[in-house]
Amino acid sequence: MLRLRVLAVIIGASGGIIGCGDNLGPCDGVVGTCIPVPSDASANDAQRALLEATPGSTVAFSAGTYHFKTGLSLDVPDVRIIGAGMERTVLSFAGQTDGAQGLLVTSDGFTLEDLAVEDTRGDGVKIEGAERVVLRRTRVAWTGEPNATNGAYGLYPVQCKDVLIEDSFVRGASDAGIYVGQSENVVVRRNRAEDNVAGIEIENCIKADVYENTATSNTGGLLVFNLPGLQISNGSDTRVYRNQIFDNNTLNFAPPGNIVGVVPAGTGMVVLASHRAEVFDNDIHDHRTTNLGVISYLTLQIPISDPSYDPFPTALYFHDNRFSGVSSNPSGDLGAVILLSLAEINASGGGVPDFVWDGVVDPSRLVGGEYAAQDKLCFQRNGDGDFISLNVPPGDAQLPVTDLAPLDCAHNALPPVTLGSLGRAAR
């Protein structure tokens, strides 16, 4: 039956390719070749539609809930998958028995719009090694309480180029709701992430713009990480701006061994070993541990075997942000260090500062005891946001400091990311 419907869509009276007819429902308004997946289609029918897709075609799911026991996959370039809306078309993987993802895509020119993926055994939607990726109005959710058995990542492009994620929603991931890793030219905008361990994570990426997102009720709201041993060793040139990051105080439910397991509950934003990042015009507030943390990978005390990896954060510029509402009861190992540091300098009465830096620097970069201008960490015009450098290197006898004067510097503004092969610039 599905094959007959496909033929009805793509072959006209003259033998040419035509658009979908009005009687086919999910293909209404779609230009070009369209493969409908009706609401009564089986899981096999849905996978067959992806197998029969041709470059330039659209696979259109009707409104309704589809049930899958195995993951779906797509390896055909320039295919668009659409639904009737991210609350109306639901691909449910509750009880999934096979496959590491709900949907795995390994082809260029992929677009996903207007549907939901729920309760996958592993990652929700993974796109690997692709160029020209668009994820738009897509919802990925684990519908129960936050749990370590939930999949690690919701929307998960990795080793990709020219990535756009917009107007989407992710809930319940045991690692990161929206995760973009080892990718180049990335825009993440107008999304909402809640009840994940990490709401949004940009990891080992080159050129990323993250803006107008909302991250709330996660363990950590927004993370910009560089980790060793990955295809791109040292991500850089990330802009984070006009985001709402608040009330990320959910207990960390990452499985043992996950690197995000070190993020303490009540963390607004963390920058780990990143380079050339600009963070501005964000609202970051009401976090139990810290609104903003900057740390070196060395502080994690995990061995590094990647000789090309730079574990020290450099050239970070935080300006014109609005901070408020940090408690006096931070959590986790970091919270314990913060409290000890505040007590050491008799500064515990005012609560935890908005901005916490571990104070670890690269000795090889020091000139006269400080970084050269191009490598400095700069913090300007952030209202009444306050600061502490923990000075945590082992054997370092320096006391923690709260003086912001050494951070009163600036870097040149980073340029906007241009998604060249998508034919659009992020504005």
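# A chat about salt bridges, cores and strands

Visitor: Hi! Which side chain does Glu194 meet in a salt bridge?

Guide: Glu194 pairs with Arg192, with a distance of 2.9 Å from N to O. Keep in mind that this is a predicted model.

Visitor: Noted. Is Glu194 buried or exposed?

Guide: Glu194 counts as buried, because its relative accessibility is 19% and the cut-off for buried is under 20%.

Visitor: How many salt bridges does the count come to?

Guide: The count is 24 salt bridges. One of them joins Asp78 to Arg132, at 2.7 Å from N to O.

Visitor: And what does that pair tie together?

Guide: Asp78 sits in the loop between strands S4 (70-74) and S5 (80-82), while Arg132 belongs to strand S10 (residues 131-141), so the bridge ties together parts that lie 54 residues apart in sequence. Asp78 is partly exposed at 32% relative accessibility, and Arg132 is also partly exposed, at 24%.

Visitor: What about Glu166 and Arg136, how far is N to O there?

Guide: That salt bridge has an N to O distance of 2.6 Å. Glu166 is in strand S12 (residues 161-166) and Arg136 in strand S10, so this pair ties together parts 30 residues apart in sequence.

Visitor: Buried or exposed, those two?

Guide: Both Glu166 and Arg136 are buried. They also belong to a network of salt bridges, whose other members are Arg80, Glu113, Asp167, Arg189 and Arg190.

Visitor: Nice. Changing topic: what does the secondary structure come to?

Guide: The protein chain has three helices and 35 strands. Its radius of gyration is 23 Å, close to the 22 Å that the globule rule gives for 427 residues, so the chain is as compact as a globular protein of that length.

Visitor: What does the C-alpha trace span along its principal axes?

Guide: About 80 × 40 × 40 Å. As for burial, 57% of the 427 residues count as buried. The accessible surface of the chain is about 16,700 Å², and 51% of that belongs to carbon and sulfur atoms.

Visitor: What share of the contacts comes from residues 24 or more positions apart?

Guide: Taking contacts with a separation of 6 or more, such residues account for 65%.

Visitor: On to the inside. Which residues touch the most other members in the largest nonpolar core?

Guide: Val59, Ile81, Phe318 and Phe355 do, out of 67 residues in that core. Strand S8 (residues 110-118) gives the most to the core, with four residues.

Visitor: Which residues is Phe318 in contact with?

Guide: Leaving out neighbours within four places in sequence, the contacts of Phe318 include Val271, Val279, Leu292, Val294 and Phe355. Others among them are Leu377, Cys378, Phe379, Gln380 and Asn382. There is also a second, separate core of 20 residues, including Val158, Phe225, Val263 and Val270.

Visitor: Now a helix. Which residues of H2 are buried?

Guide: In H2 (residues 43-52), Ala46, Gln47, Ala49 and Leu50 are buried. Seen down the axis of H2, these residues fall within an arc of 150°, so they line one face of the helix. Asn44 and Leu51, on the other side of H2, are exposed.

Visitor: Why do residues three or four places apart point the same way in an α-helix?

Guide: Because an α-helix has 3.6 residues a turn.

Visitor: Got it. Where is Gly268 found?

Guide: Gly268 is in strand S23 (residues 267-272). It is buried, with 0% relative accessible area. Beyond residues up to four places away in sequence, Gly268 touches Gly220, Gly221, Leu222, Ile245, Ile284, His287, Thr290 and Asn291. Its C-alpha atom is 8.3 Å from that of Thr219, which is 49 residues away along the chain.

Visitor: Last one, on backbone angles. Which value is phi of Gln301 near?

Guide: Phi of Gln301 is near 55°, a positive value in a residue other than glycine. Most residues other than glycine have a negative phi. Gln301 lies in the loop between strands S26 (290-295) and S27 (314-319), and it is exposed, with a relative accessible area of 67%. Arg381 also has a positive phi, about 55°, and lies in the loop between strands S32 (377-380) and S33 (387-389).

Note on methods. Residues numbered from 1 in each chain as written. Predicted model: local features only at pLDDT ≥ 70, side-chain atom pairs only at ≥ 80, totals over all residues. Heavy atoms only, no water. Buried < 20%, exposed > 50% of the residue type's maximum accessible area, 1.4 Å probe, protein only. Helix = DSSP H or I, 4+ residues; strand = E, 2+ residues; numbered from the N terminus. Arc of directions from axis to C-beta. Core = buried A, V, L, I, M, F, W, Y, C linked by side-chain atoms within 4.5 Å. Contact = heavy atoms within 4.5 Å. Salt bridge = Lys/Arg side-chain N within 4 Å of Asp/Glu carboxyl O. Rg over C-alpha atoms; globule rule 2.2 N^0.38 Å. Areas by Shrake-Rupley, 256 points an atom, 1.4 Å probe, with all protein chains shown as cover.
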